[in-house]
Amino acid sequence: MTLLCPVCSQALCRNGNSVRCENNHCFDFAKEGYLNLLAGNHKKGSDMGDNKDMALSRRAFLSKGYFDTLLGAVDDVFTSHCKEDASVLDICCGEGYYSASLKQRHPDADIIGFDLSKEMIRLAAKRKSGNTYVVANLFHIPVPDSSIDFAFHLFAPFDEAQFMRVLKPGGILVTAVAGENHLWQMKEILYENPYKNDEKPPRTSIPFAEKQHADGRIVLDNNEDIFSMFKMTPYFYHTPSEGIAKLQQVPQLATDISFALYIYQKPLAE
Ligand SMILES: C[S@@+](CC[C@H](N)C(=O)[O-])C[C@H]1O[C@@H](n2cnc3c(N)ncnc32)[C@H](O)[C@@H]1O
Ligand SMILES: [Zn+2]
């Protein structure tokens with residue numbers, strides 16, 4: 001799949017260990033095999049994505065398969081809507097667990113993952129999955145208009161204009177948000193009065209096709225995994241210290257997991 005120059009939006013062509021556009025803007029592959037396509041003006045107004053510690057926690061937790069219910073659900077949507085050689089975009093891909101797993105299941109798919117965090121992309125590229133990984137900003141996705149058959153977007157910021165731009169007519173977008181009971185038993189430890197999640201879909205005018213649910217229960221038998229999971233959640237930033245101290249004492253946790261998947265489809269061209 002073609003990538004676009006972050007400076008002038010022209011197509012990038014590979015030449016050895018770098019890519020170059022017709023205006024001679026040149027970007028080298030990092031030793032792990034990813035590209036950094038974050039132009040100076042794409043950094044403004046945003047932090048630089050998740051840090052190394054968060055990237056390593058996510059890697060440690062997801063690689064144990066705890067959220068494979070979600071992976072299976074995304075795969076089912078792909079399988080029911082797309083050809084095996086579909087072009088796929090993992091939006092804010094994190095450390096690449098879902099896109100690398102999808103590639104194993106669908107080797108002919110042409111998959112690009114991008115994230116603002118260099119630490120996340122470094123880990124994703126190290127998987128050597130056959131996917132392309134790029135450091136890029138959601139608000140300047142470096143792929144051409146109407147080039148993506150299937151995009152998925154798990155727990156990340158939303159940008160309707162960019163998603164509409166990159167999807168092919170008829171292309172599918174899957175967004176996952178935390179379901180009502182997601183991690184309920186962990187929240188009971190963290191908070192005196194926990195709330196259920198509202199499962200709200202993103203605000204968007206991309207035509208909505210379908211809502212699905214993927215639910216399960218996982219058992220974490222050590223505090224390291226419990227804490228890695230906690231670090232992946234927004235609660236990590238909003239929990240009083242007493243709640244965190246309580247969680248640090250928990251040796252084992254059985255908790256509900258629940259994901260709401262909202263499926264959108266760009267209209268076919270008239
Ligand atoms: C909660 S994590 C989810 C990662 C991955 N989708 C997963 O489920 O494992 C959110 C990710 O969004 C990335 N992110 C945040 N703002 C971004 C932006 N403006 N452009 C690209 N990525 C961004 C973060 O670096 C982080 O990796
Ligand atoms: Zn250029």
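Start at F155, which counts as partly exposed because it has 15 C-beta neighbours inside 10 Å. The cut-offs behind that word go like this: 20 or more other C-beta atoms within 10 Å of a residue's own makes it buried, 12 or fewer makes it exposed, anything in between is partly exposed, and the C-beta atoms are placed from the backbone. This is a predicted model, so local features need pLDDT of at least 70 and side-chain atom pairs count only at pLDDT 80 or more, while totals for chains, interfaces and linings use all residues. Residues are numbered from 1 along each chain as its sequence is written, and chains are lettered from A and ligands numbered from 1 in the order in which they are written.

F155 sits in the loop between β8 and α5 (160–166). Helix and strand labels are DSSP runs numbered from the N terminus (H or I with at least four residues for helices, E with at least two for strands). S9 counts as partly exposed because 13 other C-beta atoms lie within 10 Å.

Now for the sheets. Strands pair here if DSSP finds at least two bridges between them. One open sheet has 3 strands in the order β1-β2-β3, with antiparallel pairing. Its edges are β1 (13–15) and β3 (26–28), each pairing on one side only, and neighbouring strands are turned by 30 degrees against each other on average, direction ignored. Strand β2 (residues 18–20) pairs with β3 over 3 bridges, and V19 stands opposite F27 in β3.

The other open sheet to look at has 8 strands with mixed pairing, in the order β4-β7-β6-β5-β8-β9-β11-β10. At its edges, β4 (35–36) and β10 each pair on one side only. In this sheet, β6 runs parallel to β7 (residues 132–135), joined by 4 bridges, with V135 of β7 as the bridge partner of D115. Further along, strand β9 (residues 167–178) and β11 run antiparallel, with 7 bridges between them; A176 stands opposite L261 in β11. The antiparallel pair β10 and β11 has 12 bridges, and D215 has S258 of β11 as its bridge partner.

Which strands does α3 lie across? They are β5, β6 and β8, and the helix runs at about 175 degrees to β6. That angle is taken between N-to-C directions on a scale from 0 to 180 degrees, with axes fitted to C-alpha atoms, for helices over the stretch in contact. Helix α3 (residues 97–105) is mostly covered, with 7 of its 9 residues buried: Y97, Y98, S99, A100, S101, L102 and K103. The cover includes α1 (52–62), α2 (68–81), β5 (87–91), β6 (110–115) and β8 (148–154). Contact here means C-beta atoms, placed from the backbone, within 7 Å. Helix α1 has its own buried set, namely A55, S57, R58, R59, F61 and L62, and these pack against α3, α4 (118–126) and α7 (223–231).

What about the greasy part? A nonpolar core is a set of buried Ala, Val, Leu, Ile, Met, Phe, Trp, Tyr and Cys residues joined through C-beta atoms within 7 Å. The largest one has 70 residues, and V134 and A151 have the most contacts inside it. Strand β11 (residues 253–265) gives the most to this core, with 7 residues. Leaving out residues up to four places away in sequence, V134 touches L3, Y34, L35, L37, I112, F114, I121 and P142.

Over at ligand 1, 18 residues are around it, and G49, C92, G94, L116 and L138 come nearest. "Near" is again a C-beta test: the atom, placed from the backbone, must lie within 6 Å of the molecule or strand. By class, the shell has 10 nonpolar, 5 polar and 3 charged residues.

Last stop: N197, in the loop between α6 (184–190) and β10 (208–220). N197 counts as partly exposed because it has 17 C-beta neighbours inside 10 Å. It touches A178, G179, E180 and H182, again not counting residues up to four places away in sequence. The C-alpha atoms of N197 and V177 are separated by 9.3 Å, with the two residues 20 apart along the chain.

Definitions and conventions: Two residues are in contact if their C-beta atoms, placed from the backbone, lie within 7 Å. Ala, Val, Leu, Ile, Met, Phe, Trp, Tyr, Cys and Pro count as nonpolar, Asp, Glu, Lys and Arg as charged, and the others, Gly among them, as polar.
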